Amino acid sequence: MTQHATEANFDGLVGPTHNYAGLSWGNVASKSNVSAVSNPKEAALQGLKKMKILADRGFVQGILPPHERPHIPTLRKLGFTGSDADVLAAAAKSNPVILSAAASASTMWTANAATVSPSADTKDHRVHFTPANLSAKFHRSIEHEVTGRALASIFTDEAYFAHHKALPSVSHFGDEGAANHTRLCSAYGEPGVELFVYGQTAFDEAAPAPKRFPARQTLEASQAIARLHGLSDNHAVFAQQNPSAIDAGVFHNDVIAVGNGNVLFYHDQAFLNEERVLADIRGKLKGAELQGVRVSSDEVPIADAVSSYLFNSQLLTQKDGSMLLAVPGECREIDSVSRYLDNLVAQGGPISTVEVFDVKQSMRNGGGPACLRLRVVLTDDELKAMHDGVLLNDALYERLVTWVEGHYRDELTQADLADPMLLDECRHALDELSGILGLGSIYDFQR
């Protein structure tokens, strides 16, 4: 029986070690800002402000906590010994890039945290979660264990929620989570079509693949998640990302396409076989016609799409049924994109409103509004069954703003990552945060 359901957005709270290390090859923004001075406090407050604006609009807004960074257990696995301060000093002296990886605040981009399948699509009618292994990048490959703990602490009731371990952390099953996954449906509570977008087929060396930058998601990983989540063929479409788009800096599908409801907003260079992808979705989408909002290269060159993060925007259904596109401020700084957005609203299609958000601290590291959130569709009963201490309201917002202002630095450089005081500051802050959010002992240092 179809139930009323809501799409909740769970944003990653930016961590105290937010910095610009340029660790993500293939992410143009990340590389272009390497070694710049970051402002962790500003980054966290920008993210919280975006969450609050959307919560005030009536959207269900949740929070996922940052991870412990620098991650001393990872550095110890790599042979650095002694006290925590000794470990930091030895890593900084031996290989500063390894220290930067262990200190990355990349968990802020929760679009990569996991893949989530709503109960309307799954065989056992539970919401399924699989943390992403993020095996393509060392600094992200260390995230999935704590991510899994956090999700299990929020979605605890086994009658409603099912949790899986991350896929094997090898390139053949490289999984980047919801950044390469979107769901299309007639209504959130209705059975939908889950679109899995992959960059290459790992076990077929002759298959199309990018030549310049790596493909981070494999077909095999996407198929494995569909099996784990109990999705039938009627609920899954597998589409290959255009290899030339990956080589142009489109490291995830959410940098070139975003879907919501029965609307797919995408660039004409998004998919290797656009017509087949659309036909597959239309053939499986029940209860509504797919509305494709296609942006041509003539309107917005792919380079402008990448630099503006036009498609790394949140596409949200408003109370009146129309859709809001929440874009980063950079979209108004690039002429082709700004013109396109004006025309998009004027033409009277499904996207009726464009709103600009300042997430510049995140954007400089290669993550826009869509990178900062994980979408979880929940029925009314599932929403009641989850831990509601992570859902944003006025009181929690004010408490988190005070928490950030009390614990975060205004400036952070790469040299600061070796400072033992930063590690102590981070642990103290996160210990307090886990209490504020009511998540229990999810961090290694708490165990």
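A pocket here is an open set of points on a 1 Å grid over the protein atoms alone, where a 1.4 Å probe fits, with protein on both sides within 12 Å along at least five of seven lines. The model is predicted, and local features need pLDDT of at least 70 while side-chain atom pairs count only at pLDDT 80 or more, although totals for chains, interfaces and linings use all residues. Residues are numbered from 1 along each chain as its sequence is written, and side-chain values use heavy atoms, with hydrogens and water left out.

**Pocket lining**

- The lining of the largest pocket comprises 28 residues, and Ala 5, Glu 7, Tyr 188, Thr 317 and Gln 318 lie nearest the centre; a lining residue has an atom within 4 Å of a point.
- Strands β1 (5-12) and β12 (314-317) each supply at least two lining residues, and β1 gives the most, with four residues; strands (E, at least two residues) and helices (H or I, at least four) are DSSP runs numbered from the N terminus.
- Sorted by class, the lining has nine nonpolar, 15 polar and four charged residues, where Ala, Val, Leu, Ile, Met, Phe, Trp, Tyr, Cys and Pro count as nonpolar, Asp, Glu, Lys and Arg as charged, and the others, Gly among them, as polar.

**Sheet β6-β7-β8**

- Three strands form an open sheet in the order β6-β7-β8 with mixed pairing, two strands being paired if DSSP finds at least two bridges between them.
- Because β6 (181-184) and β8 (236-240) stand at the edges with a single partner strand each, one side of each is left without a neighbour in the sheet.
- Strands β7 (residues 193-198) and β8 run parallel and are joined by five bridges, and Leu 195 has Val 237 in β8 as its bridge partner.
- Helix α8 (residues 219-228) packs on this sheet, touching β7 and β8, with its direction at about 155° to that of β7; contact means heavy atoms within 4.5 Å, and angles run from 0 to 180 degrees between N-to-C directions of axes fitted to C-alpha atoms, for helices over the stretch in contact.
- Helix α10 (residues 274-284) also packs on the sheet, where α10 touches β6, β7 and β8 and makes about 175° with the direction of β8.

**Sheet β12-β13-β14**

- Another open sheet of three strands has the order β12-β13-β14, again with mixed pairing.
- Its edges are β12 and β14 (351-357), each with a single partner strand, so one side of each is left without a neighbour in the sheet.
- Four bridges pair β12 with β13 (residues 323-328) in the antiparallel sense, and the partner of Thr 317 in β13 is Met 323.
- Helix α2 (residues 40-56) packs on this sheet, touching β12, β13 and β14, at about 150° to the direction of β14, while α12 lies across β13 and β14 and runs at about 145° to β14.

**Backbone geometry**

- Arg 69 and Pro 70 are joined by a cis peptide bond with omega of about -5°, and Pro 70 has its place in the loop between β2 (61-64) and α3 (72-77).
- Leu 134, a residue other than glycine, has a positive phi near 50° and is found in the loop between β4 (127-131) and α6 (138-141).
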